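Here are some exercises to work through with the model open beside you. Try each task before you read its solution.

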Amino acid sequence: MARVFVVVEHRQGAIRDATFELVTLARELECRFGLEPAAVVIGHNVRPFALTLSKYLPETIVVDSEALENFRYETYATVLKDLIEKETPLVTLCPHSAFGMELFPRLSVETGRPCATDCIKVEMDNLNFVVVRSVYNGKINSRLALGSSGGYLITVRGGSYAPAAEGAHEGTIRDYPPPAFGPTFRTEFLGYREAAAGAIDISQAPFLLSIGRGIKDPENIPKAEELAAKLGAVLSCSRPVVDKKWLGKERQVGTSGRTVKPKVYLAMGISGAFQHLAGIKGSGVFIAVNRDPKAPIFRAADYGVVEDMFKIIDALKEKLGR
Amino acid sequence: MEILVCVKKVPDTADAEVVLKPDSRSIREEDLAFGINEWDNYAVEEAIRIKETHGGRVTVATIGGADSEDVLRRCLAMGADDAILVEAAPFKGSDPYGIAKGLRGVVAKGSYDLVLAGVQAGDDGFGMVAPVLAGYLGWAHATLVTSISLEGAKVAVTRELEGGLEETLRLALPAVLAIQTGINEPRYVSIMGIRKVRSKAIPTLDLAAVGLAHGEVGEEANALREIGLAVPPAGREAEMIKGTPAEVAQRILDIIRERGGVA
Amino acid sequence: MQPFREVFWNIGYHYIFYSLAGLATAIFLYGIGRRWRLWRSGWSEKRGGSFDWGLVLRRVFLNASILKGDPLGGITHLSIMWGFIILFLGTALSTIDHWIISYLRGDLYLAYAFVLDMAGVALMAGIALAYLRRYVFKRERMVTVVRDHVVLILLFFIALTGFMVEGFRLRAQTLSWHEPSPVGQWIASVSGLSIPGARLAHTLTWWVHSLSSLFFIAYFPFSKFIHVFAAPVNVTLEGMGFNPFLTLEEREALKSDFSFRELIMLDACTQCNRCTVVCPSSIAGEPLKPRAVIDEAGRFVRRKNGFGWLPGRAGDASLPKARAVEGDPVWFCTTCSHCYRECPVAISPMDVIREIRTARVEGGEDVPVKVQEMLESVYKFKNPWQGAKGKRMDWATGLDVPLLKEGGADSRCFYVGCTFAYDSRLQEVPRAAVAVFKAAGYGFGVLGKDEVCCSEFVRGVGEDGLFTELAAQNVDAFERYGVTEIVTPCPHGFHTFSNEYRRMAPPMGSRAVRHVSQVLEELISSGAVTLARGGERTVTYHDPCFLGRRNGVYDAPRNVLRSIPGVRLVEMKRSRERSLCCGGGGGRMWIEAGEGEKIAEVRVREAAATGAGTIVTACPFCFTNLDDAVKTAGFEGKIVVKDLTELVAESLERRSAG
């Protein structure tokens, strides 16, 4: 029976949300193509995670070892290689996150199995996998067929599938003995740190005015700050603004920045790169202003305005009184 | 410290309109501006800074046609010491595995301590070449690197995780590092600077020179085969607000107030 | 006995004098020689045009450029200059008379004596006036440092002691004629000295006077006095039409930092500060002061060259040109050229600044980040706004705009320009131009997506390499499409096509280049378009630097405005050649202003003071800057900014509607 494995991503004592999106995909593959899904939890003292996953999938495999306490591709790839070669799942899924990007391409070489990254859709054609990926700044979709192989590795873009709900029955949990690790390691985990400590915590703000590359000039940031103040909003931004050091990292919305759940998200001059959109959650209203009618952000927003953002900033300020 | 930086020439599609060719296998390139992949530019700058601090040499390499030479020259003008061009023709349509095989051949020709590349390319965004190359070489790797600090035979790096979090790792050299944007501020390269390096020879390597045989790379050898390109389905589109800026502003404020926004 | 002057009367130890004179002269010649060598170390500029004799004669001999705008200053300098020259000639003539041929006799001598006295008076009066001007009238713009006092006091002292020598001599001598030297005679009469006393006084003051004169001679080439040579030479070079344009190959082959002419400029400067007073950046309180640039650059050059008193003092060839002037000030220049226009001796701080910028850009250091991004955008996208090539013709959506054809001949190119093509507000301007051209049946075509940035300001920030590449692309397009005339709404394009492009590519010389205002003037005056009366409006016209001051086009736009019925034109105080820059040239659209009021805000206030309700511009940068400044300076609703072409098109439209 062909199987699909879902690698559970966790960090600092919590399972990351993307894992549950993979559960949805795994269930879909089960439904449509008859693959048997199982979760794989790797780490140290991760039994609680296995218990959680057992409420979602019929089988959970746990590989627990002190050497696996902190993620390093070296140890996790050794474990997964061993697991995949012994258990021979047809496909192994992982989120396309810092974890997945570090692990899966390398694992692909170690196991000799093809890997497709950052997929937004995963389907099968007989026993071959076909995936869809978003390319050219989100403007084009590309369909790829993975060459025939005994097993496949796929990393999935966050937000491509809805997070799964718990299942009706509890699944089984199986302990899998970790393989022996080699005598020497080439990598060493040293620790975590917060990238930027600022006074502002945008993740709690109910109303965000978010600016992107369209702001063009750090000189224009005070205009946005003024508008944010008048609106009673907190100013946030997309990655390019932080890369240029025009605003601090604590104001960045996106996968490598903060996740926000505002009631109102007003985005100006932001094109809608996926990594940015992935940071916006919740059911608030999303309004986007951008000069480019083809900007991907209009596919994510509730309301869109095709206009020079500065004209809208000025008009809003006008309406709100000088 | 011998550093190799792998770079790619890509089209800038951020603000441009991307149009498919009738066969839906590729995009129209006439109206697009090409240049060095943004992530790779940060990698080149980082390599040069390491060289400026610790000494050594920086080599840049790309798999591309003769038109990719301008990208290499720009890197030379930034401060790289050598450049290598790998003939693109046999790699036409290659997936990241094919590209990584070619680069493996380039690495084999030198004695590098460090290989840098951008995390991903702006056009396809696979993010695979650096870790796959490391796998082929049997070297340590780290992706999403936001800082590098040399420590003798090892290198300490920070990796960018989600939510503003970072992790620090120590890797044994030689290693492959995939560089994230924002790690530094790339220097400006003037045309005069590029002119100064125009006479520098850039060797072109053919397939044999990178240790590959015909059929090992290119479309036929791909593990990832592109079937077709398509414009994303319209799906859920935003409701567009039209009118003069004043009218639009009023509507926006109304929406905000409905949702409990502005005081 | 005929009236004459006995040289060395009552003076012994002539050999001491001659030794010292020889020493002083040697030092003088050595100093002049070193200056000359320093100047010659600069690269040669090319001559353009013919010799403007009038300019040279007026400026050098009549000090016309000093008198302009500052009659007191002009008179002061004329007095000092001519007083000094005549006294110097007087000494020379006397030397010839003493050593070679005696001719200063009789009436000639009497005339000579009188003239010299008057010259001395002029010199001293000029110096007194100079001090009055500096300390009593307190000319605001003047900056005073120690060396300014040194030169004036030294001259005054020499003149004063000269009169005293004369006075004591006349007191002590018994002459059979009355020497018509009024001052000397007066001193003689009030001296209250006996004849032996006067002789003694004469001897003493003679030596004091001689030694101070000899000191002056030796000091001359190492001091501010060098402007006496450098300034006229610079004015002459100006009259000969030299300009610092270099092709890339020439620039690569350069062995020195500045040109021969630029080096002379640095020495021609007397720090009068007229340039700073008109510099828009200084006016807005930014850190740039053109006078300080010349001062600092001059000291840099002398340090690098090892110029100084001591022979064999090594220069420091490693000093980088990029740091000839330290820090940010070089980036605030808008290349408006007002400093150059205002300088009485044709110094161009703008050119010196641009040279330093080329070094900064080439080295990639100390270049403002936004300028880098602009340059990278021009390199990659062929325009400074990161506009996609595919969108360059978006401004023409819905219009039927003819594209030029390959292999065409004798075609007229409407060169739109990047800012007009990509800025959503300014796209109205080329649309307006097209409307007018069509109404007039004026044939034209556009380059379409082949149009690349004119790169005028790319050159302005010092990226000559990128400028050359893009200019070559435009010129190539002009060739391929058989363009013989270029019409553009952008003064920056207009300027660079007419100037640098022509220097770079000879075929450009045969192409007519016009600004749209000139075409509008022609179309209106020939009746090709008629304009209807719209509402009444009072407008003031802001001269764009690159149309007006840099290229002399002042009247065409004004004639156009006067031809629009209902439009009343009022002038700002600073208009035409004296127009205040909007602050957009020289790459300033991408360089953050310092703290405080922006250049454009100063201009908007000036416009509002005329009572006009509209500021009319003919340049996309002027438009953007003034439009922004109207908002930030709080004039929104009180004054509005319009482009000239738009106004004309509006007057057309009303006609077809009514």
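Angles between axes under 35 degrees count as roughly parallel, over 145 as roughly antiparallel, 65 to 115 as roughly perpendicular and the rest as oblique. This is a predicted model, in which local features need pLDDT of at least 70, side-chain atom pairs count only at pLDDT 80 or more, and totals for chains, interfaces and linings use all residues. Residues are numbered from 1 along each chain as its sequence is written, while chains are lettered from A and ligands numbered from 1 in the order in which they are written.

**Exercise 1.** Describe how α5(C) and α7(C) pack.

*Solution.* Two packed helices are described by the angle between their axes and the distance between the axes. Axes are lines fitted to C-alpha atoms, for helices over the stretch in contact, with angles from 0 to 180 degrees between N-to-C directions. Helices (H or I, at least four residues) and strands (E, at least two) are DSSP runs numbered from the N terminus.

- Step 1: find helix α5 (residues 106–136) and helix α7 (residues 182–190) of chain C; their axes are 7 Å apart, at an angle of about 85 degrees.
- Step 2: α5(C) and α7(C) are therefore roughly perpendicular to each other.
- Step 3: list the contact, where α5(C) brings D117(C), G120(C) and V121(C), and α7(C) brings P182(C), V183(C) and G184(C). Residues are in contact if their C-beta atoms, placed from the backbone, lie within 7 Å.
- Step 4: sort these residues into three nonpolar, two polar and one charged. Ala, Val, Leu, Ile, Met, Phe, Trp, Tyr, Cys and Pro count as nonpolar, Asp, Glu, Lys and Arg as charged, and the others, Gly among them, as polar.

**Exercise 2.** Is L150(B) buried, exposed or partly exposed?

*Solution.* 

- Step 1: with 16 other C-beta atoms within 10 Å, L150(B) is partly exposed. Buried needs 20 or more such atoms and exposed 12 or fewer, with partly exposed in between; C-beta atoms are placed from the backbone.
- Step 2: beyond its neighbours within four places in sequence, L150(B) is in contact with I50(B), H54(B) and V155(B).

Key
Contact = placed C-beta atoms within 7 Å.
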